[in-house]
Amino acid sequence: MIFFYDRTEYLRPWKLFTLGVGIALLIAGSIYTPAPDWDIPISLIMAVLAYLTAPWSLRVLLERRWNHLPAALFATWFSVDGSYAIYWHFRDPVALELMRPANFAASLGLYGICGVIWLYRGSLRALFTEFLGTIGLSRK
């Protein structure tokens, strides 16, 4: 049983670039937003977990691989809430209790968006070529 993607998918420059942009936005948000549960370490932890699991979890649903659904649900939960709860349990349990429900909703939405962004398996050039072909603008 193969979980997640091949290493080449995680090392694609366009995916690494978008991960870097996302991390930069999360770090900026942690600095400029007065939220008691938003700091740089949790931003890094959750971004990397989303990068590793979100596209695979979404693919499990889209391809109806029901035998992988329990693992996909666990990966989603751990990326969105489990890692957050563990981190804040040790860092500041009061912040965890106060912010966990709000964090879950926001993080699940971002996780889904990340899954869509990183779902495509292939190069950026191949993505654009396939997209142009789909909308009827490809060169023949």
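Read along the sequence, the protein follows the pattern α-α-α-α-α-α, and the model accordingly holds 6 helices and 0 strands, where helices (H or I, at least four residues) and strands (E, at least two) are DSSP runs numbered from the N terminus. The model is predicted, with local features requiring pLDDT of at least 70 and side-chain atom pairs counting only at pLDDT 80 or more, while totals for chains, interfaces and linings use all residues. Residues are numbered from 1 along each chain as its sequence is written, and side-chain values use heavy atoms, with hydrogens and water left out.

Along its principal axes, the C-alpha trace spans about 60 × 35 × 25 Å. Of the 140 residues, 36% count as buried, a term that denotes under 20% relative accessible area, as against over 50% for exposed and values in between for partly exposed (1.4 Å probe, protein chains only). Among contacts (heavy atoms within 4.5 Å) with a separation of 6 or more, 68% are accounted for by residues 24 or more positions apart.

The accessible surface, computed by the Shrake-Rupley method with a 1.4 Å probe, comes to about 9000 Å², of which 72% belongs to carbon and sulfur atoms. The protein carries 12 positive and 9 negative side chains, and the centres of the two sets lie 15 Å apart; Lys and Arg count as positive and Asp and Glu as negative, without His and the chain ends, and each charge is placed at NZ of Lys, CZ of Arg, CG of Asp or CD of Glu.

Arg125 is located in helix H6, which covers residues 124–134, and is exposed, with a relative accessible area of 69%. Between Arg125 and Leu62, the separation is 63 residues in sequence and 23 Å in space, C-alpha to C-alpha.
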